[in-house]
Amino acid sequence: MFDPDIAPSGTLLGLLQRGRGDGTLHALAAPRAEALAALHHCVLRDPRRDWQVENRSLYYARLCLDLDAGLDEIEQHLFHPDDLVSDDEERTGLALSVLGHLAAYGRSDALRLLRRYAAAGSNWEWALDELALRDDDTGLRGLAPAILAHFPRTPDGDAELAAVVRGAYEPRPWRLWADDPDHGPRVRTAAERGAFDRWQRQLRPSGPRPGWSVHDILLWAQREHDLKPDARRPDAAARCLAAVAGPEDRPELLAAAASAPDAARAAALRHLAEIGDPEVLDLIETAVTEPDASQLVSQAALSAFERMRSIAALDRARVWAHRPDALGDAAAAMLACRGGQYDTQLVLAALRRTVRAEGPDAQTLWTLVDGAGRLTISCAAPVLRHIYRETASSHLRGRAARALAATDPSFAAGFAVECLWDCEESTREVAARHAATADARVVEQLRRLAADPAEEAEVQTAVRSRIGPETPGF
């Protein structure tokens with residue numbers, strides 16, 4: 001994840017970077033040169049806050065088709081000298097995904113460019129995955145020599161090849177190459193080695209074993225955390241505690257949740273929260289608010305609280321929701337997810353407070369926005385509209401759209417129209433169910449989505465629910 005430079009939401013570049021439907025509509029109305037410059041800026045400088053979960057590639061590919069954009073800029077970016085010294089997926093991933101969609105739409109120049117990059121580029125695995133979905137068998141077979149040349153015929157090269165074959169996101173090319181008379185023996189050997197390595201790991205488990213006590217599990221969690229701080233051993237230890245701990249272990253678990261080393265303490269807190277121990281809420285409050293608590297402990301305590309489903313947890317959330325800290329945020333999020341109508345003021349206050357203090361991209365807004373829609377808080381509509389316009393997160397914008405559909409009577413004739421062109425399929429689905437068909441653009445776009453083979457099935461189902469033999473205008 002990274003923090004890209006996002007232009008203001010009122011500009012064409014800002015709209016396209018956010019993936020808003022209005023970005024497409026404004027680009028089609030703008031001078032073509034200006035629209036192409038903004039489009040290429042987005043494709044070559046990925047604007048997403050989290051490129052692994054936010055969608056932009058189909059959105060940009062469709063705009064490339066609408067503007068009849070060439071691929072010279074993308075080609076120069078892919079084969080820039082930086083590609084020789086950097087294997088960072090974020091630099092080329094979005095451009096390769098756009099090419100994949102263009103190839104699926106029948107752009108042969110995009111297919112040829114993908115083949116060239118798969119043969120010579122540093123991010124060849126991504127390009128190969130795109131080709132695995134779009135290229136024919138002949139094209140894929142022709143790439144085998146260039147791809148296998150990445151792995152020298154040495155023990156290290158063979159081990160690396162086995163790891164790549166085992167972890168391939170799209171296995172189709174490797175299966176084709178396994179049947180090739182020239183390259184098949186090496187590919188089959190790599191596949192067999194990958195399966196053998198997986199079998200060996202299963203035979204040598206390093207985690208808790210039958211007969212381990214609560215004390216043993218807590219020691220293991222701390223020892224493994226000390227060796228690999230990013231391995232999330234406290235979560236695994238908490239799951240083991242659920243199978244081992246009994247009533248007689250409660251004093252040890254309470255003591256661990258209060259003052260054990262960080263990883264053991266985090267595991268104990270999560271376990272006590274999952275079983276609903278009556279003292280765990282006080283322990284959570286202490287773990288979050290004590291000055292010398294580590295981030296591991298405080299985050300584990302907040303996570304444990306958020307997973308709780310008891311009435312006692314909801315009651316405590318109503319007490320904590322007024323706090324201007326992480327514990328207050330977690331409490332407000334719990335009320336947004338599981339509170340009742342009498343909690344609407346607390347959720348609304350937290351929503352407004354978060355936007356004022358942290359802006360429209362705060363991570364804590366996601367649950368609060370969902371809660372505003374779930375509780376149908378009509379007074380939240382102005383804040384939700386602000387979040388929708390300004391956030392750089394297309395996922396958060398989609399959540400705001402769903403909340404507006406439940407709280408804002410003007411949504412159907414307003415934001416729902418532009419949402420039909422949004423970059424997120426879930427947002428397009430909301431729009432397909434709510435957009436007012438009095439606007440001629442809505443009818444035309446619904447027909448286009450229904451006929452587009454690249455569109456998600458959920459969106460097309462929502463479109464067909466609006467289109468029938470007796471539907472006016474269709």
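Glu 75 has a relative accessible area of 29% and is therefore partly exposed, a class lying between buried (under 20% relative accessible area) and exposed (over 50%), as computed with a 1.4 Å probe on protein chains only. The structure is a predicted model, in which local features need pLDDT of at least 70 and side-chain atom pairs count only at pLDDT 80 or more, whereas totals for chains, interfaces and linings use all residues. Residues are numbered from 1 along each chain as its sequence is written, and side-chain values use heavy atoms, with hydrogens and water left out.

Side chains of opposite charge can pair when their charged atoms come close. A salt bridge is taken here as a side-chain nitrogen of Lys or Arg within 4 Å of a carboxyl oxygen of Asp or Glu, and the model holds 34 salt bridges by this rule. Glu 75 takes part in one of them, with Arg 116 as its partner and an N to O distance of 2.6 Å. This pair links distant parts of the chain, since Glu 75 belongs to helix 5 (residues 72-78) and Arg 116 to helix 8 (residues 108-120), 41 residues apart. Helices are DSSP runs of H or I with at least four residues, numbered from the N terminus.

Another salt bridge joins Arg 265 to Glu 290, with 2.7 Å between the closest N and O atoms. Here, too, distant parts of the chain are linked: Arg 265 sits in helix 18 (residues 262-275), and Glu 290, 25 residues apart from it, lies in the loop between helix 19 (280-289) and helix 20 (295-307). Arg 265 is buried at 6% relative accessibility, whereas Glu 290 is partly exposed at 21%.

In the salt bridge between Glu 455 and Arg 428, the closest N and O atoms are 2.9 Å apart. Arg 428 is in helix 28 (residues 425-434) and Glu 455 is in the loop between helix 29 (440-451) and helix 30 (457-466), so that the pair links distant parts of the chain, 27 residues apart. Both Arg 428 and Glu 455 are buried.

Turning to the cysteines, zero disulfides (pairs of cysteine sulfur atoms within 2.5 Å) are found in the whole structure. For Cys 64, the closest cysteine sulfur is that of Cys 42, which at 10 Å is too far for a bond. Cys 64 is buried, with a relative accessible area of 3%, while Cys 379 is partly exposed at 49% relative accessibility.

Note on methods. Helices (H or I, at least four residues) and strands (E, at least two) are DSSP runs, numbered from the N terminus.
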